[in-house]
Amino acid sequence: MDKITILWADDEIDLLKPQLMFLENKGYEVVTVTNGYDALEECESNNEIDVVFLDESMPGITGLETLAKIKESKPHLPVVMITKNEAENVMEEALGSQITDYLIKPVNPNQILLTLKKIIDNKRLVREKTSSDYQQEFRQIFMQINSGLDFEEWVEVYRKIISWEIKIDESNSTAMSDILASQKSEANTEFSKYIAKNYLRWIKSSEGPVMSNNLLRSKVFPKIDDSVPTLLVLLDNLRYDQWKMIEPILSEFYRVEQEDYFYSILPTSTQYSRNAIFAGMMPSEIERYHAQWWKNDMDEGGKNLHEAELLEELIGRTFRKNLRFEYLKVTNASHAKQIQDNILNYMQNGLTVIVYNFIDMLSHARTEMEVLKELAGDEKAYRSLTRSWFENSPLWQALRRAAERDIQLFVTTDHGTIRVNTPSKVVGDRETTTNLRYKVGRNLQYERRDVLEVRDPQEAMLPRPNVSSTFIFAKEDKFFLYPNNYNYYNNYYRNTFQHGGISLEEMICPVVRLRAR
């Protein structure tokens, strides 16, 4: 490591010789000055300075004044304030001016060393500790993945993997990131086998997890209370890791009361999973009982235009008394602004449902737009983009205003997405659907090992567009390509975020209950 250079400004610098000698013996280089003017001049002329120790009380210009001028020219240079004065207003002003740390005189050498370790070595120490901790847990996760897990245990493993992904992102440990990506891929291989083995059994019985069609009845409706309005925000395409990105932002105004999960039905796509959520039915049941509101993949027109009507029917079947509710869908900036302006009016309802399409638009736009491919080039960047969007969104502004009232907030989704990397060839006729993660059509030809096939759609409670229709769902990180222009489309779609198939990211969905603080 290069020698660290400290600038120490104190009008009593001669009294600090023991501390200076201690630092030099530890390998640090210390430049000393006795006033704020000289400190500023040294900061301007010496680009080697890594950290500044600044006495708060000096003749001429004070430490706080010096601090402000340093931050003007070098906003990212770490500054440690050293003071005899423990007055609260002085500390608040120093902290407000973005000091990195502060020490109270007389300072002892070990305090100084600890501060330097925090500032200079913090990232390295965090990276090393994170890598060490993950290495210890790697084998435990490996054993779990291969131990015949049930649906609850798969959720636990997925949450663990996401937790490590976020920790390793924050520590910038590239080597560990590659190992974890490999372990996540292995987990998805085993999870796909598990779903292929159990999914149809879940559909026919009540043995499986809560799924899309039971989400509202199981997780939301039982918590609705006449004494407090309930707001349900469905961010479509929101994965568990993206929820963990926005959780700290929400936690400023809301307290998490329960972080729960459900499994998305197959296909993990808006047309199927979100209609199932609001209807409280599987897709084949929606087609049977509400044929006027259901469209198959190849039918003309929007596929999710009747969620409000489906929700109204479900509420009518579920609640004996009248529940005042409102359904709102945000698909553009104008809708978002309306939500922001009217959020307090919605608090008159017992239940307000807001479907927010931004994340879905982001994942699809990322496929089409080169600039977004740069901004969301990998999982870490995709998470970061989600957090940045949410923090600056009209939705967050609306939720902050809503938190002025005593409200109950649910945050959930309809399905997640996976970054696809492995092409799988499919041959179908003109009536075959275009989705990259599932197909429905007649006489499909495909690699059997890459898919879960459902030859009788009724077994999966899916509509049957034609007598010989078959559904296939891509496993792991596969994506379907036709033989025509295979290489072109392989390059075009590889490393894009898609949904419709079987993976931890697409199927295990967050449903979180919060209360305004």
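User: Which residues in H1 meet which residues in H5?

Analyst: Happy to start there. This is a predicted model, in which local features need pLDDT of at least 70, side-chain atom pairs count only at pLDDT 80 or more, and totals for chains, interfaces and linings use all residues. Residues are numbered from 1 along each chain as its sequence is written, and side-chain values use heavy atoms, with hydrogens and water left out. Helices are DSSP runs (H or I, at least four residues), numbered from the N terminus, and contact means heavy atoms within 4.5 Å. Here Gln-19, Phe-22 and Leu-23 of H1 meet Pro-109, Asn-110, Ile-112, Leu-113 and Leu-116 of H5.

User: At what angle do H1 and H5 pack?

Analyst: Axes are lines fitted to C-alpha atoms over the stretch in contact, and angles run from 0 to 180 degrees between N-to-C directions. Under 35 degrees counts as roughly parallel, over 145 as roughly antiparallel, 65 to 115 as roughly perpendicular, and the rest as oblique. H1 (residues 17-25) and H5 (residues 109-120) pack at about 45 degrees, with axes 10 Å apart, so H1 is oblique to H5.

User: And how do H17 and H18 cross?

Analyst: The axes of H17 (residues 379-391) and H18 (residues 394-402) come within 6 Å and cross at roughly 55 degrees, so H17 is oblique to H18. Trp-389, Phe-390 and Glu-391 in H17 meet Leu-395, Trp-396, Gln-397 and Leu-399 in H18.

User: Where in H3 are the buried residues?

Analyst: Buried means under 20% relative accessible area, exposed over 50%, and partly exposed in between (1.4 Å probe, protein chains only). In H3 (residues 63-73), the buried ones are Gly-63, Leu-64, Thr-66, Leu-67, Ile-70 and Lys-71. Seen down the axis, they fall within an arc of 155 degrees (taken from the directions from the helix axis to the C-beta atoms), so they line one face of H3. Helix H10 (residues 240-250) is mostly covered, with nine of its eleven residues buried.

User: Which residues have the most contacts inside the largest nonpolar core?

Analyst: In soluble globular proteins, nonpolar side chains tend to be buried together. A nonpolar core is a set of buried Ala, Val, Leu, Ile, Met, Phe, Trp, Tyr and Cys residues joined through side-chain atoms within 4.5 Å. The largest has 86 residues, and Tyr-199, Leu-250, Tyr-254 and Tyr-263 have the most contacts inside it. Apart from that core lies another of 22 residues, including Ile-224 and Phe-262. Leaving aside neighbours within four places in sequence, Leu-250 is in contact with Trp-243, Phe-390, Trp-396, Leu-399, Leu-409, Val-411 and Leu-514.

Key: Helix = DSSP H or I, 4+ residues; strand = E, 2+ residues; numbered from the N terminus.
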